[in-house]
2 protein chains.
Amino acid sequence: MLEISQRGQQMPMSPYRKLTPYADAAKQRGTGVYHLNIGQPDIETPPAMLAAVREAEIKVLEYSPSAGSGSYRQKLAAYYQRNHIPVQPEDILVTAGGSEAIFFAFMSCLNPEDEVVIPEPFYGAYISFAIATDVRIVPVVSTLDEGFALPPIEAFERVITPRTKAIMVCNPSNPTGYVYSEAELLQLLDLCRRHNLFFLSDEAYREYCYEGFATSALQLPGAEQHVVMVDTISKRYSACGARLGALVTKNPDVQAAALKFAQMRVSAPALAQLMGEAAAELPESYFEHTKAEYRARRDLMVRRLRAMPGVTCPTPGGAFYVMARLPVDDAGTFGRWLLEEFSYQGHTVMVSPAAGFYVTPGLGRDEVRLAYVLNLEKLDAALDCLEQGLAAYPGRLVQPIGDATPALEARP
Amino acid sequence: MLEISQRGQQMPMSPYRKLTPYADAAKQRGTGVYHLNIGQPDIETPPAMLAAVREAEIKVLEYSPSAGSGSYRQKLAAYYQRNHIPVQPEDILVTAGGSEAIFFAFMSCLNPEDEVVIPEPFYGAYISFAIATDVRIVPVVSTLDEGFALPPIEAFERVITPRTKAIMVCNPSNPTGYVYSEAELLQLLDLCRRHNLFFLSDEAYREYCYEGFATSALQLPGAEQHVVMVDTISKRYSACGARLGALVTKNPDVQAAALKFAQMRVSAPALAQLMGEAAAELPESYFEHTKAEYRARRDLMVRRLRAMPGVTCPTPGGAFYVMARLPVDDAGTFGRWLLEEFSYQGHTVMVSPAAGFYVTPGLGRDEVRLAYVLNLEKLDAALDCLEQGLAAYPGRLVQPIGDATPALEARP
């Protein structure tokens with residue numbers, strides 16, 4: 001009998017997809033499912049990006065250079081410079097999505113069994129990349145009650161060992177929406193300088209910041225040798241399917257190593273790079289529009305959640321996620337129950353149980369991540385479902401206040 | 001001082017790109033460079049594939065499912081079935097190029113320090129994937145004088161150890177163009193069954209076979225549990241920049257493990273999958289045309305090479321490469337000399353020194369890989385350059401016969 005590899009066995013299933021079979025079954029029963037579980041924006045991809053592909057005159061769709069096409073790297077550098085992030089074209093390695101940039105960063109900076117310290121909760125796929133690259137993630141817990149702010153720097157100091165090679169943050173954070181302040185980032189950079197660590201900064205959601213602006217780690221004085229930034233057009237321009245990201249660093253050794261990994265897979269997608277060029281030239285008004293829309297959704301979601309008995313959530317400053325604590329025995333069980341047992345006005349709602357964003361056992365059991373990637377009307381309806389579901393759920397820990405009668409419908 | 005990872009240090013530079021600075025310098029001097037060094041076809045990408053992207057009505061370019069879009073997997077399975085390869089949609093995992101399929105195959109089948117046995121010479125990037133996944137490549141030497149046929153199966157038996165977990169072939173072969181016969185493949189499968197090994201089959205060039213057809217490893221009786229096939233649209237449809245490949249296996253454990261690696265990076269490029277759907281529906285006449293063109297080029301290249309004093313080469317049955325032994329001290333030095341010191345009628349030629357396709361030290365030193373990815377006229381002119389270059393090269397080992405006066409031109 002042939003056995004697959006140990007890493008193939010250890011690799012987790014995507015936490016986003018665990019509840020998918022129950023959602024599919026609900027749809028088959030005729031129940032509509034509002035998806036608050038995934039970070040797939042509903043905002044239109046800017047037409048100029050799609051036009052760039054449509055209008056390109058291509059005879060042979062050739063490999064692009066392994067580091068990315070020269071014209072895209074130039075335009076992307078100009079985008080960063082407009083945003084006061086000091087990046088030159090040669091600091092950019094174009095990748096197949098932010099995912100590949102994470103992979104190249106781990107491969108280039110970390111040896112097998114090296115440790116990377118990450119504030120918890122964090123993007124679940126980091127666990128997969130760590131298994132694939134044989135790296136250890138060491139969590140430092142941030143809490144919902146503190147709004148998922150950076151834990152005291154002493155908590156980082158305490159877990160640093162001779163094997164620690166990097167600190168990693170996602171800023172603005174997926175899954176918490178927390179936006180690290182410049183002061184917090186400076187503390188982390190100082191830590192990296194004192195302990196000779198890389199500073200891996202996943203900035204997939206940088207443009208979506210609803211009070212002021214997110215600081216890029218590359219903007220910090222003294223960042224040059226330490227910071228390896230991961231970027232992507234997926235969320236910024238609602239272009240997840242393009243698979244276009246970037247690894248950005250001013251450290252020439254990391255850049256040279258990452259280029260060799262890039263040569264291994266020859267090139268990033270060529271059509272996506274045409275889209276990226278058009279994206280880098282979009283006017284600022286694109287973000288003003290999109291940010292206003294996301295902010296209105298965030299405000300609605302936070303207001304509605306806080307009005308639900310027993311629900312607590314911080315006001316996230318960025319990204320398009322809210323982490324909420326629910327008055328339930330187990331958010332995973334609740335999420336499954338919503339899909340299997342519940343509907344309200346013919347619909348139910350799919351959430352991401354937060355346990356998939358923690359590695360410390362037991363943490364996040366009563367938390368969910370909710371993505372506000374539906375328009376205001378649908379979002380409101382989805383939150384109706386959540387509210388009614390919480391009131392009806394047999395495993396609820398707090399009795400609903402007032403007259404909110406559980407609105408459990410019979411399954412058709 | 002921050003140090004990059006050991007694997008980042010060990011990772012080789014792409015062998016195809018080592019001579020690139022010299023080619024760039026030649027172009028800057030005004031010397032035209034015929035590229036026989038890379039497998040970037042000049043054949044037009046089928047217009048129907050580009051039209052599929054142009055005409056798609058996309059509002060939001062979403063993530064596709066991690067295993068690939070359902071409609072593409074169906075159409076690709078139908079393509080295989082038309083080619084008598086028994087593949088169902090659920091046997092297919094869609095990847096970002098054949099490269100990612102190789103990566104997923106190594107990750108899913110092999111543990112760190114496991115061994116994969118590969119006939120040498122082989123595609124240079126396998127070395128990079130082995131370093132990235134901490135796998136050991138054990139070569140079994142095939143020779144130019146035998147036309148790069150499969151070495152006797154005893155040579156494989158001899159190198160099998162308790163750590164051997166897989167055999168890998170590229171069929172038709174890059175870099176040799178050799179097409180493994182069904183009998184040879186059956187020998188390999190038998191070996192895999194006796195020693196409980198995976199059979200990794202890279203079939204990127206399957207359609208380009210100039211006498212008969214290449215057998216897919218998936219067509220062999222008893223292949224189900226053992227064979228993991230790597231495929232790509234890059235060469236088949238001259239669409240290298242799309243980055244669309246597939247891992248195809250009927251082994252459910254490998255498929256499930258590979259899917260988890262696929263979930264890690266969320267999805268393959270969405271626009272490329274639209275191209276892939278159009279490609280899978282192209283009529284057979286597409287391949288008849290393209291094959292006829294490649295065959296004419298192969299015949300020209302082999303005829304011209306054999307007419308050059310001291311040059312020997314087998315007639316490759318497939319792909320679009322010829323491996324040739326040149327009467328030179330060192331093919332790497334010769335390749336660089338062609339770019340730095342030589343021109344003929346304003347042009348020179350860039351070759352791939354074959355050493356980059358061998359891991360056994362010293363092998364392939366007098367061999368080059370030549371890709372016939374130029375039209376007949378340019379190919380003829382490129383071979384003029386090679387012939388004149390060989391006659392003029394100071395490190396040549398065989399005097400030119402006849403009156404072929406070295407045509408060394410002064411550098412401008």
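# Exercises on a predicted two-chain model

Chain A has a mean pLDDT of 94, and 96% of its residues reach 70 or more; pLDDT is the predictor's confidence in each residue, from 0 to 100. The model is predicted: local features need pLDDT of at least 70, side-chain atom pairs count only at pLDDT 80 or more, and totals for chains, interfaces and linings use all residues. Residues are numbered from 1 along each chain as its sequence is written, chains are lettered from A and ligands numbered from 1 in the order in which they are written, and side-chain values use heavy atoms, without hydrogens and water.

**Exercise 1. Find where the pLDDT of chain A is below 50.**

Solution. Go to residues 402-412 of chain A. Beyond near neighbours in sequence, this stretch has 20 contacts in the model (heavy atoms within 4.5 Å).

**Exercise 2. Decide how strand 6 of chain B sits in the structure.**

Solution. Step one: locate the strand, residues 198-202 (strands are DSSP runs of E, at least two residues, and helices runs of H or I, at least four, numbered from the N terminus). Step two: check burial (buried is under 20% relative accessible area, exposed over 50%, partly exposed in between, with a 1.4 Å probe and protein chains only). B:Phe198, B:Leu200 and B:Asp202 are buried on one side, B:Phe199 and B:Ser201 on the other. Step three: conclude. Five of the five residues are buried, so the strand is largely enclosed by the rest of the structure. Step four: find its partner. Strand 5 (residues 164-170) of chain B pairs with strand 6 in the parallel sense over five bridges (pairing needs at least two DSSP bridges). B:Cys170 has B:Asp202 as its bridge partner.

**Exercise 3. Compare A:His84 with A:Phe148: buried or exposed?**

Solution. Start with the backbone. Most residues other than glycine have a negative phi, and most peptide bonds are trans. A:His84 has a positive phi of about 60°; A:Phe148 has one of about 65°. A:His84 is in the loop between helix 4 (70-82) and strand 2 (92-95) of chain A. A:Phe148 is in the loop between strand 4 (136-141) and helix 7 (153-159) of chain A. Last, read the accessibility. A:His84 is exposed at 67%, whereas A:Phe148 is buried at 0%.

**Exercise 4. Locate the cis peptide bond that ends at A:Pro172.**

Solution. The bond runs from A:Asn171 to A:Pro172, with omega near -10°. A:Pro172 lies in the loop between strand 5 (164-170) and helix 8 (182-195) of chain A.
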